[in-house]
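Subject: Model for you to look at

Hi there,

Here is the structure I promised to pass on, with my notes below it. Have a look at the coordinates first, then read on.

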Amino acid sequence: MAEPGEWDNFLLRYPGIIVSGSKARGTVKLNGKWYRLKVVCPHFPKLEEARLELLLPQQVKFTKIKKEDLKAGWTLYDLMEHLPQLQHKYSDTANLSAKSLEITDSNIYSEIAALYAPQDYQLELNDACSLLRFSKFAGYERHYLQVALPTLQITAHSLPDCVPWEEQLQKYENLTAMVQQFRNYLQHLRAFYGNFADIDELCYVVQPKPPVSTKHNWRLFVLRERVFIKLVLSDPFAPIGSMSVQIIGPTQAVEELRRTLSDGLSEWDVELDIHKNLLRIFDICYFPMPPGSGWMEVDGEVNSTEQKFCNICYSYQLEEGEIPIVSCDNPQCTLVYHAACLKEWFNTLTDGMDFLSVSFGTCPFCKTKLSTSFSELLAN
Ligand SMILES: [Zn+2]
Ligand SMILES: [Zn+2]
């Protein structure tokens, strides 16, 4: 009889196996393929008096491996390394039935083997068998779900940050149910992602820093020179109901556009996506595109989305992707600033003040009075 502890190294090497006494069973992955086996190994790791059964592809019952196929002097380790050859040999002679594989084992590693569905998603297990990653979901190629094993703790996912998905998904105690629920979510989020798709493709999105990931639930894009739209969909399951559209730019221009927007919102066309509704509301054919995309020339406004650096720090894009979006209200000045830089400047002013989340100060150059809501601009 094997002493307790003797199996430890073996189990470290093959974490998909569970052992009780001299019996071991479970799943191992060799050269990218899965094998399910049952072993009785009373003189571990020697194979004297050992018995091995292997589950062959397309079979429901385990097949016993004959003694003469186990070479003299082999240990259980040698046998594991030869599983591919053994399986190959026995598969050739086995009467292959079309019965599907039946999983009755509650071992998580055999569950993983059963989740193998290359037409639905890509499934990857790291070498230590401690992390499982589902990715490239059919129809949702950018999405992924990563789970630690055997705890089923979610370590990474592609869903929007504004919802506590981990809590939701962690409720499921088995992997199959968890992945199914994740795929249900993807289906329910179609409208959410669909609404951002045209904006990402057909607008000059300046924030979040490109490439925008599937985790962001907001976009800041150019409406016209020095004027930006900030679109936030706070509930991914109800994108239109939870939508907020903000216009950011010089006070005068913004006031006018806000009126246009609020009039337009009352005539929202539910048949159209957000991008098309906004085009209709602002009565334009398209939003400005990024510089160099070749679209601007059509309108004769070649420079309207020219990159203007911040007049406080003299750079364009900050580390987190922020670009200068706060303009001076003085039409003669037209300088732009990063919200963060201007906030710092306001803090140095003796007559600067905050009122109901709006900060008041002056332009560092022309000294015109400025007001802006940093909490909105810096929130994300
Ligand atoms: Zn700056
Ligand atoms: Zn100014």
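A search of the whole structure, which is a predicted model, turns up eight salt bridges. A salt bridge here means a side-chain nitrogen of Lys or Arg within 4 Å of a carboxyl oxygen of Asp or Glu. One of them joins Glu81 and Arg13, whose closest N and O atoms are 3.4 Å apart. Glu81 belongs to helix α2 (residues 76–81) and Arg13 to helix α1 (residues 8–13), so this pair ties together parts that are 68 residues apart in sequence. Helices (H or I, at least four residues) and strands (E, at least two) are DSSP runs, numbered from the N terminus. Glu81 is partly exposed at 39% relative accessibility, and Arg13 is partly exposed too, with a relative accessible area of 48%. For these words, buried is under 20% relative accessible area, exposed is over 50%, and partly exposed lies in between (1.4 Å probe, protein chains only).

Asp120 and Arg183 form another salt bridge, with 3.6 Å between the closest N and O atoms. Asp120 sits in the loop between α4 (108–115) and β6 (122–125), while Arg183 is in helix α6 (residues 175–188), so the pair ties together parts that are 63 residues apart in sequence. Both ends are partly exposed: Asp120 at 22% relative accessibility and Arg183 with a relative accessible area of 26%.

Asp200 and Arg219 meet at 2.6 Å, N to O. Asp200 lies in helix α7 (residues 190–202) and Arg219 in strand β11 (residues 218–224), so parts that are 19 residues apart in sequence are tied together. Asp200 is partly exposed at 32%, whereas Arg219 is buried at 4%. Salt bridges also link Asp198, Asp273 and Lys276 in a network.

Now for the metals. Which residues hold the zinc ion (ligand 1)? Its protein donors are Cys310 (SG), Cys313 (SG), His338 (ND1) and Cys341 (SG), at 2.1 to 2.3 Å. Donors are N, O and S atoms within 2.8 Å of the metal (3.2 Å for Na, K and Ca); water is not among the atoms, so sites may look incomplete. Along the chain the spacing is C-x2-C-x24-H-x2-C. Cys313 is in the loop between α10 and β14 and His338 in the loop between β15 and α11 (339–348), so the pair ties together parts that are 25 residues apart in sequence. Cys313 is partly exposed at 32% relative accessibility, but His338 is buried at 1%.

The zinc ion (ligand 2) has Cys328 (SG), Cys333 (SG), Cys363 (SG) and Cys366 (SG) as its protein donors, 2.2 to 2.4 Å away. Here the donor residues are spaced C-x4-C-x29-C-x2-C. Cys333 is in the loop between β14 and β15 (336–337) and Cys363 in the loop between β17 (358–362) and β18 (369–372), so the pair ties together parts that are 30 residues apart in sequence. Cys333 and Cys363 are buried.

Finally, the strands. Five of them form an open sheet in the order β1-β2-β3-β4-β5, with antiparallel pairing. β1 (17–20) and β5 (63–64) stand at the edges with a single partner strand each, so one side of each is left without a neighbour in the sheet. Two strands pair if DSSP finds at least two bridges between them. β1 and strand β2 (residues 23–30) pair over four bridges, with Val19 opposite Ala24 in β2. Elsewhere, strand β8 (residues 140–148) runs antiparallel to strand β9 (residues 153–157), joined by four bridges, and Ala148 stands opposite Gln153 in β9. Their hairpin has four residues between the strands, and Leu152 there takes a positive phi near 65 degrees.

Some notes on conventions: residues are numbered from 1 along each chain as its sequence is written, and chains are lettered from A and ligands numbered from 1 in the order in which they are written. As this is a predicted model, local features need pLDDT of at least 70 and side-chain atom pairs count only at pLDDT 80 or more, while totals for chains, interfaces and linings use all residues; side-chain values use heavy atoms, with hydrogens and water left out.

Best wishes
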